[in-house]
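Colleague: Please show the model, and let us discuss how its elements are arranged.

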Amino acid sequence: MTEAERRTALEAIASEVRACTACRLHVGRTQAVPGEGHPSTEVMFVGEGPGYNEDRQGRPFVGAAGSFLTELLGSVGWKRDEVFITNVVKCRPPDNRDPEPDEIAACAPFLRRQLETLDPALIVTLGRHSMGRFMPGARISQAHGTTAPVDPATGAHDSTVFAMYHPAAALRTPSIERESYEDVARIPTVLIESRDRRNGNRLARREASLAAAAATAATSPIGPVAARPDAHGDPDDQLTFF
Ligand code: SF4
């Protein structure tokens with residue numbers, strides 16, 4: 001997918017989110033919050049749900065927690081418009097309560113399509129509800145700062161998830177703020193490792209595909225057939241940080 005195709009696909013998903021009435025959260029929203037960021041980024045941040053300011057502005061992480069997330073990104077030399085930021089539910093739960101499991105399930109197709117479109121090498125979860133989508137059963141007090149391979153059923157292929165506390169929790173608790181800075185400092189290294197792993201997997205698939213094509217050509221009465229090396233596209237057109 002080209003960057004223009006990704007941008008168009010993300011805008012189409014955002015339009016559907018803004019019109020969605022699939023769960024009860026649409027009743028109280030001012031604006032839905034589909035997410036925003038660079039259409040060719042390698043890194044996607046996934047929070048839990050919009051809060052008061054996000055609901056008013058229709059943009060993710062724009063309040064105090066958003067300012068802290070921007071600070072965290074800046075501590076590793078990144079800007080928020082170089083990544084993509086979204087939530088597991090796109091409409092604000094009343095009184096900032098936790099999203100219910102049926103609301104997360106109703107909204108999951110939007111997140112899956114965003115993941116399919118962006119094809120991120122790294123998914124950073126912010127908070128336990130987001131982490132629960134990618135690391136089922138994990139406890140955030142133990143899982144923050146750790147990685148796991150991402151289940152392709154989520155929509156992301158050959159991707160790695162890295163768990164962090166929600167920025168709002170860091171604002172409430174000094175020890176979590178300190179741990180958040182320690183966790184975010186690991187992200188550049190984790191991205192390099194994830195990129196290397198997925199490039200290795202793609203190379204292995206390409207070689208297997210070419211070997212299969214050669215075997216077919218050797219036995220086919222119609223001669224060589226064209227191999228399609230990687231059905232998931234070439235990573236070279238993605239935004240890379242370093
Ligand atoms: Fe639709 Fe998601 Fe909003 Fe529910 S939270 S109404 S599923 S966009």
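Predicted model: local features only at pLDDT ≥ 70, side-chain atom pairs only at ≥ 80, totals over all residues.

Colleague: How are helix 1 and helix 4 oriented to each other, parallel or antiparallel?
Modeller: Residues are numbered from 1 along each chain as its sequence is written. The axes (lines fitted to C-alpha atoms over the stretch in contact, with angles from 0 to 180 degrees between N-to-C directions) of helix 1 (residues 3-19) and helix 4 (residues 101-118) come within 10 Å and cross at roughly 175 degrees. Angles over 145 degrees count as roughly antiparallel, and the two helices are therefore roughly antiparallel.

Colleague: Which residues of helix 4 meet helix 1?
Modeller: Contact requires C-beta atoms, placed from the backbone, within 7 Å. From helix 1, R6, A9, L10, I13 and V17 take part; their counterparts in helix 4 are F110, R113, Q114, T117 and L118.

Colleague: Which strands stand at the edges of the sheet?
Modeller: The open sheet has six strands in the order 1-3-2-4-6-5, with mixed pairing (at least two DSSP bridges between two strands). Each edge strand has a single partner, so one side is left without a neighbour in the sheet; these are strand 1 (36-37) and strand 5 (147-149).

Colleague: What is the bridge partner of E36 in strand 3?
Modeller: Strand 1 and strand 3 (residues 84-87) pair in the antiparallel sense over two bridges. In strand 3, the partner of E36 is I85.

Note on methods. Helix = DSSP H or I, 4+ residues; strand = E, 2+ residues; numbered from the N terminus. Parallel < 35°, antiparallel > 145°, perpendicular 65-115°, else oblique. Contact = placed C-beta atoms within 7 Å.
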